[in-house]
Amino acid sequence: GDGGGSGDGGGGSGDAAGSAGASGAKHAAARHSVSFSWLDGRVWMRVYRIQEAVGGGGVLDVAEIGPRLVLAPVRIIASGFGGAVLHAAN
């Protein structure tokens, strides 16, 4: 495993950014960020939702919303269709 995560799972009341809730108040617009990292010979991808925290004050709330991917590259080459091999799986 990769040590867990937020447990958010993508559900909940914050997903409908900008829509009116039961009280008629609008939620702050959410932004999304995709992270790609190279670690242990693999490409790790994570997706996060970033929005202003309840109560405002300039504080941001960041939650992992998925999907999660871990890619094991077989070969990485220098250009799109050929070239020097930069990485090869053992």
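**A surface patch and a charged network**

In this predicted model, W38 has its place in strand β1, which spans residues 31-39. The residue is partly exposed, its relative accessible area being 46%, and together with I76 and L86 it makes a nonpolar surface patch of about 310 Å².

Side chains of opposite charge can pair when their charged atoms come close, and a search of the whole structure finds two salt bridges. One of them joins R46 to E64, with 3.6 Å between the closest N and O atoms. Here R46 belongs to strand β2 (residues 42-52) and E64 to strand β3 (residues 60-64), so the pair ties together parts that lie 18 residues apart in sequence. Both partners fall under the 20% relative accessible area that marks a residue as buried: R46 is buried at 9%, and E64 is buried at 11%.

E64 also meets the side chain of R68 in a salt bridge, where the distance from N to O is 2.6 Å. R68, for its part, is partly exposed, with a relative accessible area of 37%. Through salt bridges that share partners, R46, E64 and R68 are joined into one network, in which R46 is buried, E64 is buried and R68 is partly exposed.

Terms used. Residues are numbered from 1 along each chain as its sequence is written. This is a predicted model: local features need pLDDT of at least 70, side-chain atom pairs count only at pLDDT 80 or more; totals for chains, interfaces and linings use all residues. Side-chain values use heavy atoms; hydrogens and water are left out. Patches are made of residues with over 30% relative accessible area and no salt bridge: like charges are joined within 9 Å, nonpolar side chains (Val, Leu, Ile, Met, Phe, Trp, Tyr) within 5 Å. Accessible areas come from the Shrake-Rupley method with a 1.4 Å probe; for residues, only the protein chains shown count as cover. A salt bridge is a side-chain nitrogen of Lys or Arg within 4 Å of a carboxyl oxygen of Asp or Glu. Helices (H or I, at least four residues) and strands (E, at least two) are DSSP runs, numbered from the N terminus. Buried means under 20% relative accessible area, exposed over 50%, partly exposed in between (1.4 Å probe, protein chains only).
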